[in-house]
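These are my notebook entries on one structure. I list what I looked up, entry by entry.

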Amino acid sequence: MREAHEEAGLPPDQLTVRTTVVTAENSGWTYTTVIADAEEQLDTVPNRESAELRWVAEDEVADLPLHPGFAASWDRLREVTASLPLKVNPQT
């Protein structure tokens, strides 16, 4: 959540974490991907670590020039996301 705020300007109080996925690279490096929901599409604010930030459809992600580690884990992340129960909005 800290990284989402620092690197993309996403307000932590408007995100609800659904799950996390830890990915290990052959180099021994690990990183955690957080899968979260927001009640509405949030604006992103790039910083010095971000070349570009934008929302894209899941089906279009693999066509983008992704970080190699993230690209290698993308299929697994989609599987995890697909296995999560749909979020029910109590207001609908």
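**Entry 1: the strands**

I looked up A24 and found that its bridge partner in β2 is T30. Helices (H or I, at least four residues) and strands (E, at least two) are DSSP runs, numbered from the N terminus. Strand β1 (residues 16-24) pairs with strand β2 (residues 30-37) in the antiparallel sense, over eight bridges; two strands pair if DSSP finds at least two bridges between them. The two strands, β1 and β2, form a hairpin with five residues between them. In the turn, G28 has a positive phi of about 100°.

**Entry 2: what I am working with**

This is a predicted model, in which local features need pLDDT of at least 70, side-chain atom pairs count only at pLDDT 80 or more, and totals for chains, interfaces and linings use all residues. Residues are numbered from 1 along each chain as its sequence is written, and side-chain values use heavy atoms, with hydrogens and water left out.

**Entry 3: salt bridges**

I searched the whole structure and noted six salt bridges (a side-chain nitrogen of Lys or Arg within 4 Å of a carboxyl oxygen of Asp or Glu). One of them joins R18 and D37, with the closest N and O atoms 3.2 Å apart. R18 lies in strand β1 and D37 in strand β2, so this pair ties together parts that are 19 residues apart in sequence. I then checked burial (buried is under 20% relative accessible area, exposed over 50%, partly exposed in between; 1.4 Å probe, protein chains only). D37 counts as buried at 18%, while R18 counts as partly exposed at 28%.

E58 and R78 also meet in a salt bridge, at 3.1 Å from N to O. E58 is in helix α2 (residues 58-61) and R78 in helix α3, so the pair ties together parts 20 residues apart in sequence.

**Entry 4: the core and the rings**

Which residues make up the largest nonpolar core? I noted six: V21, I35, V61, W74, L77 and L84. Such a core is a set of buried Ala, Val, Leu, Ile, Met, Phe, Trp, Tyr and Cys residues joined through side-chain atoms within 4.5 Å.

I counted one aromatic pair (rings of Phe, Tyr and Trp, its six-membered ring, with centres within 6.5 Å; planes under 30 degrees apart are stacked, over 60 edge-to-face, the rest tilted). F70 and W74 form this tilted pair, 5.6 Å centre to centre with 40° between the planes. Both lie in helix α3 (residues 68-83), four residues apart, about one turn of the helix. W74 is buried at 11%, whereas F70 is partly exposed at 25%.
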